[in-house]
Amino acid sequence: MGDARIIPFDGAAAGARTPAPRSGRRSPRPTRAVRVPEPVEGEVRVRSIDGRPAHEREGSPGPGPRRAPGSGRSLLGSLAGAVGGVVGGAAAGLLDGVAGPGWEEKAADGLAFVRRRITGEYEVDEFGFDPELNDRLMAALRVVYEKYFRVEVSGLEHIPAKGGALIVANHSGTLPVDALMTQVAVHDHHPDQRNLRLLAADLVFQLPLVGSVARKSGHTLACHADAERLLAKGELVGVWPEGYKGLGKPFSERYKLQRFGRGGFVSAALRTQVPIVPCSIVGAEEIFPMVGNARTLARLLNLPYFPVTPTFPLLGPLGLVPLPTRWKIEFGAPIRTDAYTEEAADDPMVVFNLTDEVRESIQHTIYRLLMQRRSVFF
């Protein structure tokens, strides 16, 4: 920090002579001065997971330090801290005797988190993944997971404790809520609380705010290069190969798996020699029953489909509230790929057979879970 500048409150320059007082009046009080610190720029420290700079990756921001959203001069951080202190002090009287034990620590932790967001004192990897922010987002989604959808999860023992693995799941529900709930299931209920890195469509990263949050949550583009690099580094990667065909299928075709693309996810698993873990989700199909598709409006908005449900768009924003269905998520036995050679990733027959095996495993598990389900909502 540089030397401080002296700024008198009366606007005179530092070192200027104070005018003499008029006769008959009391001498003025000595001029007070404040020390103004030099500004310090806040930066995000980018940590590469494979030794490559972040800007060399396809779709990544350019070179140079990446500034945290809202980061700036240290004066801004000081103002935020002061405001937080005032708000915390005012809320202390209300929370005293009402909140449970330890609320002071939680409040202090929350204020410290906000300060780090403002000043940029946190780390992200080359994909933009922010583990600290992701934990906060998981806490928010946990309420929906436990209280609203009441998700029951099983088969977590099939997910390895360490090392790479590819989780492949069915897609449904008009909006990709099933992917978020699967992420919470792995993060909260796996013995090692592993982070699930989701492969998302490019539309997600084109949306304002949503794209930034998705990056910080560990999501990345659904492309072979990103998938293979994450798997090679020992990450858990989640993929929903039905894509828009699964999300936007009509309610009459619920729980009927669509085509799994060209098997690109199988090629990534074969090249990195990681297991493929089938994942079956029941309950997501009914949260937004899609009874129609306004294709003309979808083309105008450049969307893959525009859903029409019993509540949307009839009820406006209220129609975006999902129905409180009861969910089941089951992870199946892993399908090993380490017995194949590297050349198998380029063999269409091997890729097709493995893709079909994964799809059939998910479909049969879905039918079994549906037979065990007593009610959609209870």
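This is a predicted model: local features need pLDDT of at least 70, side-chain atom pairs count only at pLDDT 80 or more; totals for chains, interfaces and linings use all residues.

Visitor: Which residues of α3 are buried?

Guide: An α-helix has 3.6 residues a turn, so residues three or four places apart point the same way. In this helix the buried residues are Leu 133, Asn 134, Met 138 and Tyr 145.

Visitor: What is the reach of α3 from its first C-alpha to its last?

Guide: Compare the span with the one expected at 1.5 Å a residue. Helix α3 covers residues 131–148, 18 residues, and reaches 25 Å, close to the expected 26 Å.

Visitor: Where does α3 bend?

Guide: At Leu 141, by about 30°. After the helix comes Arg 150, with a positive phi near 50°.

Visitor: Which residues are buried in helix α7?

Guide: In α7 (residues 224–232), Asp 226, Ala 227, Arg 229, Leu 230 and Leu 231 are buried. Their cover includes the strands β6 (165–169), β7 (196–200), β8 (220–221) and β9 (236–239), as well as helix α9 (264–272). Just after α7, Gly 234 has a positive phi of about 85°.

Visitor: How many helices and strands does the protein chain have?

Guide: The protein chain has 11 helices and 13 strands. Of its 378 residues, 39% are buried. Among contacts with a separation of 6 or more, 77% join residues 24 or more positions apart. The chain exposes about 21,100 Å², and carbon and sulfur atoms supply 59% of that area.

Definitions and conventions: Residues are numbered from 1 along each chain as its sequence is written. Side-chain values use heavy atoms; hydrogens and water are left out. Helices (H or I, at least four residues) and strands (E, at least two) are DSSP runs, numbered from the N terminus. The expected span of a helix is 1.5 Å times one less than its number of residues. The bend at a residue is the angle between axes fitted to the seven residues ending there and the seven starting there. Buried means under 20% relative accessible area, exposed over 50%, partly exposed in between (1.4 Å probe, protein chains only). Contact means heavy atoms within 4.5 Å. Accessible areas come from the Shrake-Rupley method with a 1.4 Å probe; for residues, only the protein chains shown count as cover.
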